[in-house]
Amino acid sequence: MSNQIVYVVSDSVGETADLVVRAAMGQFLFTPDIRRVPYVEDTGTLKEVISIAKSNQAIICFTLVKPEMRSYLIEEAAKEKVQVYDIIGPLIERIQTATGAKPRFEPGLVRKLDEDYFKKIEAIEFAVKYDDGRDPRGILKADIVLIGVSRTSKTPLSQYLAHKRLKVANVPLVPEVDPPEELYRVPTEKCFGLKIDPEKLNNIRKERLKSLGLSAGASYANLNRIKEELTHFERVVNKIGCQVIDVSNRAIEETANVILNAVQNQRSF
């Protein structure tokens, strides 16, 4: 036999069935002729595939999650003496028997999971690229923009939100540098200012300097300097009119939940 026609039938894209068929066919010397039939939603299409497969002496391999569609294909193929192989059905039934859980019978869930994964990766890469105000162009592309003085957890919060598939840019504020112009063009609801108690920030910065082997007496950890930075922060967020979150005694997860709830409320309107 020089080749064998295999119809790959699926109620989604058919990638899973295609990969399984290619893996199996790779064990034989003949060249497989795999013809994919995706997004099958009705028995009429199944009947047509069976008829074509019969005329070509082909095999039908399929991933159909709805029981009635699987049953129809198997029964009709048997009447026409067409060979079929159910790739996913027996495994769904075995898992159901073992766990007692009821399947969702929803096509395309693997692809949805893949899309979700890639959205998360894209958001993580975005957070890295537009971290710490590196490129102000990211401000207008972001789902969320975080603004605050140094050591208010902007970077770890950006990464945490990225794992929730949100593209986050963060912008540090210092009195000597004007905020990027893009910051004033972002919709107010996308911006979140992170404020902190001056004494709390003073302790955090002192510990940071110690960890770097530097003197805790540097201006970076000077309380008057910190108050100056926070006054500048207040001016900027008041001009923007964005929501301000006090992160003084909040864990990153708590701050993230405040932001996520705000985003969810915005989307519900």
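Which residue of E3 stands opposite Val8? In this predicted model, the residue of E3 opposite Val8 is Cys61. The points below cover the sheet that contains E3, the helix lying across three of its strands, and the packing of helices H6 and H9.

**The sheet**
- Four strands form an open sheet in the order E2-E1-E3-E4, and their pairing is parallel.
- Strand E2 (31-37) and strand E4 (84-86) are the edge strands, each of them pairing on one side only.
- On average, neighbouring strands in this sheet are turned by 25 degrees against each other, direction ignored.
- Five bridges join strand E1 (residues 3-10) to strand E3 (residues 59-63) in the parallel sense.

**The helix across the sheet**
- Helix H2 (residues 43-55) lies across E1, E2 and E3.
- The direction of H2 is at about 175 degrees to E1.

**Packing of H6 and H9**
- Two packed helices are described by the angle between their axes and the distance between the axes.
- For helix H6 (residues 154-162) and helix H9 (residues 252-267), the angle is about 55 degrees and the axes are 10 Å apart.
- Angles of 65 to 115 degrees count as roughly perpendicular and those under 35 degrees as roughly parallel; H6 and H9 are therefore oblique to each other.
- The crossing in which H6 passes H9 is right-handed.
- H6 contributes Pro156, Leu157, Tyr160 and Leu161 to the contact, while H9 contributes Ile252, Glu253, Thr255, Ala256, Ile259 and Leu260.
- Classified by residue type, this contact of H6 with H9 comprises eight nonpolar residues, one polar residue and one charged residue.

Note on methods:
Residues numbered from 1 in each chain as written. Predicted model: local features only at pLDDT ≥ 70, side-chain atom pairs only at ≥ 80, totals over all residues. Heavy atoms only, no water. Axes fitted to C-alpha atoms, helices over the stretch in contact; angles between N-to-C directions. Helix = DSSP H or I, 4+ residues; strand = E, 2+ residues; numbered from the N terminus. Parallel < 35°, antiparallel > 145°, perpendicular 65-115°, else oblique. Left-handed = near helix turned anticlockwise from the far one by under 90°. Contact = heavy atoms within 4.5 Å. Nonpolar A, V, L, I, M, F, W, Y, C, P; charged D, E, K, R; others polar. Pairing = 2+ DSSP bridges.
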